[in-house]
Amino acid sequence: MMNCDEWKAFAQDYVFGDLNDPARELLDRHAASCASCLGEASQLKRIDRGMRQEPAVKPPAGLWRRALDAAPAPASRELWRVAAALMIAGAIGALSVTGAFARQLPDEVQRVPKVLAEAAQMIPSLFQE
Amino acid sequence: MSPFAEIPQPLILRARSGDAAAFRKLVDLLAGLTFNIAWRMTGHRADAEDMSQEVFLRLHRHFATYDPSLPFLPWFRRLSSNACLNWCRDHRSKRPDQLAETDLPAPERPVPETALRDAVKTLPEEQRLVLARFYFEGLSVAEIAESMDAPVGTIKTWLYRARENLKSRLQLLKPNEAGEGIRP
């Protein structure tokens, strides 16, 4: 014969139907003769029913607000930031190239007339008109 | 709106790509489910709103990690479970069982029939979440295990302990209070 401690170890399986038939019959026999364990089973059933009957509550509006307000800048603004960063990087690059070119400028300027003269000799028709 | 509203996949994809209007619509569809889980975990409307906002903030921040070839809801449940449990850990200094009655808006102040709800508030957060997923969402133990990234055995233990704890706490009440609280 099952005692109360043994019965209580299986009380939830008994109440929520997770037992095979022989085990259930064993627990049934004990419950039929033990008011305390029968009371436990009844209490578990009432808890289960109470949990299932808890009504749904209506959510408030605007639960998206914090997510969108606290979120990083939207993609379009991110694109502008990337574009601005690229423009700045390009400008810095152009300046550095221009600077390097400027340092070499006197030599190049000196060579311009010679280059033009050579070009004129190669294409005389350009200057005959 | 039903807490289990259908969520169209195109809406999920638009929201994931950064479309704010789609995100708002998606949150509206998930609000019932999320807020009710939060309500069952906190037992307090303002806290449930705060917890829900944290869930959706996390959704927005981590949306890119969602693989659209997989079902959305299980992924969202995992994300929301983490957010809810983190919220509870961050707010432990103000446990639900220590909340003053005046924290509750007038229609929700405890009345005798809320004995069960009050008992739920005293449970550890994992047990509260398991109860909410099991009883409100109607998930199986295996689905809860997936949503909480925990073994099935652990979820069974939490569910078992939650019911045992509720039984013990309700037995401490006078018989008529306990009886009213669980609405026999």
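Tutor: Let us begin with B:Glu137, which is buried, with a relative accessible area of 9%. Buried means under 20% relative accessible area, exposed over 50%, and partly exposed in between (1.4 Å probe, protein chains only). This is a predicted model, in which local features need pLDDT of at least 70 and side-chain atom pairs count only at pLDDT 80 or more, while totals for chains, interfaces and linings use all residues. Residues are numbered from 1 along each chain as its sequence is written, chains are lettered from A and ligands numbered from 1 in the order in which they are written, and side-chain values use heavy atoms, with hydrogens and water left out.

Student: With which side chain does B:Glu137 meet in a salt bridge?

Tutor: A salt bridge is a side-chain nitrogen of Lys or Arg within 4 Å of a carboxyl oxygen of Asp or Glu. The partner of B:Glu137 is B:Arg77, at 2.7 Å from N to O. The two residues are 60 apart and link distant parts of the chain: B:Arg77 lies in helix H4 of chain B, and B:Glu137 in the loop between H6 and H7. Helices (H or I, at least four residues) are DSSP runs, numbered from the N terminus. B:Arg77 is also buried, at 15% relative accessibility.

Student: Against which helices do the buried residues of H4(B) pack?

Tutor: They pack against H1, H2, H3, H6 and H7 of chain B, where contact means heavy atoms within 4.5 Å. Among the buried residues of H4(B) are B:Phe72, B:Trp75 and B:Trp87.

Student: How are B:Lys167 and B:Glu164 placed in helix H8 of chain B?

Tutor: They are separated by about one helical turn, because they stand 3 residues apart in that helix. Their side chains meet in a salt bridge of 3.4 Å, N to O, and both residues are buried. Together with A:Lys8 and A:Glu40, they are linked in a network of salt bridges. Over all chains, the count comes to 15 salt bridges.

Student: What is phi of B:Asp149 near?

Tutor: Most residues other than glycine have a negative phi. For B:Asp149, phi is near 55 degrees, a positive value in a residue other than glycine. B:Asp149 is in the loop between H7 and H8 of chain B, and this residue is exposed, with a relative accessible area of 67%.
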